[in-house]
Amino acid sequence: QVQLVESGGGLVQAGGSLRLSCAASGRTFSSYAMGWFRQAPGKERDFVAAISRTGSTTYYSDSVKGRFTISRDNAKNTVYLQMNSLKPEDTAVFYCAAGGVVTNQASVYDYWGQGTQVTVSS
């Protein structure tokens, strides 16, 4: 019922910025909480950030707090992840997800995008 497509990944220098977008299909986007997760080579998928249905509540992993900002534009069916002060350890495939509750637990989310690669060079 919901299809998610990430974009905006790429190669960036350490200390630089990048903005990821996740476009959702359907007319019920505003009813879903949204999350961003990432998976580095050889590691499991980890929580990055999440945002409530209206955007009034946000949560962040300690590793990105103060550097990343999650936001959404329900009129455009899109969630964003603004990433500043990027570090080489941020290098990963970033995935967006949609679910019925804002949470840091991946298993709670119902729909997932295919991911977009973010590479941060030193």
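Predicted model: local features only at pLDDT ≥ 70, side-chain atom pairs only at ≥ 80, totals over all residues.
**Entry 1**

I began with Phe 37. Its relative accessibility is 1%, so I count Phe 37 as buried. Trp 112 comes out at 28%, so I put it down as partly exposed.

Next I searched the whole structure for aromatic pairs and found 5 of them. A reminder to myself: a pair of aromatic rings is described by the distance of the centres and the angle of the planes.

How are the rings of Phe 37 and Phe 47 arranged? Their centres are 5.6 Å apart and their planes meet at 75°; an angle over 60 degrees counts as edge-to-face, so that is the label for this pair.

Phe 37 has another ring partner, Trp 112. Here the centres are 5.0 Å apart and the planes are at 55°, so I call this pair tilted. Trp 112 belongs to strand β10 (residues 111-112) while Phe 37 is in β4, so the pair ties together parts that are 75 residues apart in sequence.

Stepping back, I see that ring pairs join Phe 37, Phe 47, Tyr 109 and Trp 112 into a cluster.

**Entry 1: charges over rings**

I then looked for charged ends sitting over rings. Arg 45 places its charged end over the ring of Tyr 95, 3.7 Å from the ring centre. The charged end of Arg 72 sits over the ring of Phe 29, at 4.5 Å from the centre.

**Entry 2: salt bridges**

How many salt bridges does the structure hold? I found 3.

I took Asp 90 and Arg 38 to start with: their side chains meet with N and O 2.8 Å apart. Asp 90 is in the loop between β8 and β9 (92-99) and Arg 38 is in strand β4, so this bridge ties together parts 52 residues apart in sequence. Asp 90 has a relative accessible area of 1%, so it is buried. Arg 38, at 12%, counts as buried as well.

Asp 90 also meets Arg 67 in a salt bridge, at 2.7 Å from N to O. Arg 67 lies in the loop between β6 (58-60) and β7, and the two residues are 23 apart in the chain. Both Arg 67 and Asp 90 are buried.

**Entry 3: a sheet**

Last, I traced an open sheet of 4 strands, in the order β1-β3-β8-β7, with antiparallel pairing. β1 (4-7) and β7 (68-73) are at the edges with a single partner strand each, so one side of each has no neighbour in the sheet. From one strand to the next, the twist averages 15°.

I zoomed in on β7 and β8 (residues 78-83), which pair in the antiparallel sense over 6 bridges. One detail I marked: Phe 68 has Met 83 in β8 as its bridge partner.

Key. Residues numbered from 1 in each chain as written. Heavy atoms only, no water. Pairing = 2+ DSSP bridges. Axes fitted to C-alpha atoms, helices over the stretch in contact; angles between N-to-C directions. Phe/Tyr/Trp six-rings, centres within 6.5 Å; stacked < 30°, edge-to-face > 60°. Buried < 20%, exposed > 50% of the residue type's maximum accessible area, 1.4 Å probe, protein only. Lys NZ or Arg CZ within 6 Å of the ring centre and 35° of its normal. Salt bridge = Lys/Arg side-chain N within 4 Å of Asp/Glu carboxyl O.
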